[in-house]
Amino acid sequence: MASVNISSIYSNVFILEGIPGLESYHIWISILLFVMYVLAICGNPLMLLLIMMEPQLHNPMYYFLSTLFLTDIILSNSIVHKMFCIFWLNDKEIAFVSCFIQMFFIHCFSSIESGILLAMAFDRYMAICNPLHYRSALTNTLIVKILVALVIRSTVIVIPCSWMASRLPYCQSHHIPHSYCDHMAVVKLACTDITINSVYGLTVVLIVIVFDISCIAVSYVLILRAVLRLSTKNAKKKAFGTCTSHITIIVMLYTLGLFSFLTYRVGHITPYLHVTMSNLYLLIPPTLNPIIYGVRTQEIRTAALHLFTHIA
């Protein structure tokens, strides 16, 4: 790696190309992205407000949900604003420093979101498999420690990605075939060997996604075993009902995430399809999380009805 970044000599900006191959459709794509962003930026704060105002929602499950909604707000804002500049104003330039700051925020908060889903799986395991010790085990202090640990984990493993990428010499093309500063999309522009960057990026994926998925899978195997032992159909239905929303989000997030990460390393795929799926990976969860949890969670529906009735 170069001790002096050559990109600072030749250029201090990168050029984000948006969705390569679909430039003529950028304006139409931006309409869909705008609708998704509006839903995300309205729905997630609304869920946060409901949880803050309703005392019955002050329990471990909703503390984790609050963190998930807050993470989605930050994640969607990290990516969408620059996309609108690209699609609406044809403003494709992004400053060198800004690119790596965006890279850090996107990958850091994606990692945090994955960790929150793991924490929520642990919460459901405790609530269903150890209901008598649920409140005493998941204290506010423990919840804070879990969330702080997730933030530290994500920060520690993502900072080297952005830092090592910023030290590479970008002495040739500065055109990023993407709509945001994705780690691999950026480092592939470097005019030097990127093996270390690629291996470390893959290691981060293994640490976060594979570890989290494995732990979530174990949690739900134990939950399924406990639910099948329940004596009545109503008890089984209620137990499954508390997990349905969570499982829906998990399947959606990790399917899109694994597709996005693995297409850089396994075979070749049409660039516009890869970039589109990467965008959806970051935008669909913030859009759908408040809708799915709001519609399928009785306590949230009751809190929303109470709030709107009070306002009216």
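This is a predicted model: local features need pLDDT of at least 70, side-chain atom pairs count only at pLDDT 80 or more; totals for chains, interfaces and linings use all residues.
Begin by selecting Ser98, a residue of helix H4, where helices (H or I, at least four residues) and strands (E, at least two) are DSSP runs numbered from the N terminus. Ser98 has a relative accessibility of 36% and therefore counts as partly exposed, on a scale where buried means under 20% relative accessible area, exposed over 50% and partly exposed in between (1.4 Å probe, protein chains only).

Residues are numbered from 1 along each chain as its sequence is written, and side-chain values use heavy atoms, with hydrogens and water left out.

Next, select Phe14 and show its neighbours. Leaving aside those within four places in sequence, Phe14 is in contact (heavy atoms within 4.5 Å) with residues including Lys92, Glu93, Phe96, Phe100, Tyr170 and His174. Phe14 is buried, with a relative accessible area of 0%, and Phe100, at 7% relative accessibility, is buried too.

Turn to the rings, which pair if the centres of Phe, Tyr or Trp rings (for Trp, its six-membered ring) lie within 6.5 Å; planes under 30 degrees apart count as stacked, over 60 as edge-to-face and the rest as tilted. By this rule there are 13 aromatic pairs. One of them joins Phe14 to Phe100 edge-to-face, at 6.0 Å centre to centre and with 75 degrees between the planes. That pair links distant parts of the chain, since Phe14 belongs to strand E1 (residues 13-16) and Phe100 to helix H4 (residues 96-129), 86 residues apart.

Now display H4 beside helix H6 (residues 140-166): their axes come within 8 Å and cross at roughly 150 degrees. Axes here are lines fitted to C-alpha atoms, for helices over the stretch in contact, and angles run from 0 to 180 degrees between N-to-C directions. H4 is therefore roughly antiparallel to H6, a label for angles over 145 degrees, with under 35 counted as roughly parallel, 65 to 115 as roughly perpendicular and the rest as oblique. To see where they meet, select residues including Phe104, His107 and Ile112 in H4 together with residues including Leu150, Arg153 and Ile157 in H6.

On to H3 and H4, which pack at an angle of about 160 degrees with their axes 9 Å apart, and are therefore roughly antiparallel to each other.

Finish at Asn90, in the loop between H3 and strand E2 (93-95). The phi of Asn90 is near 55 degrees, a positive value in a residue other than glycine, and at 57% relative accessibility Asn90 counts as exposed.
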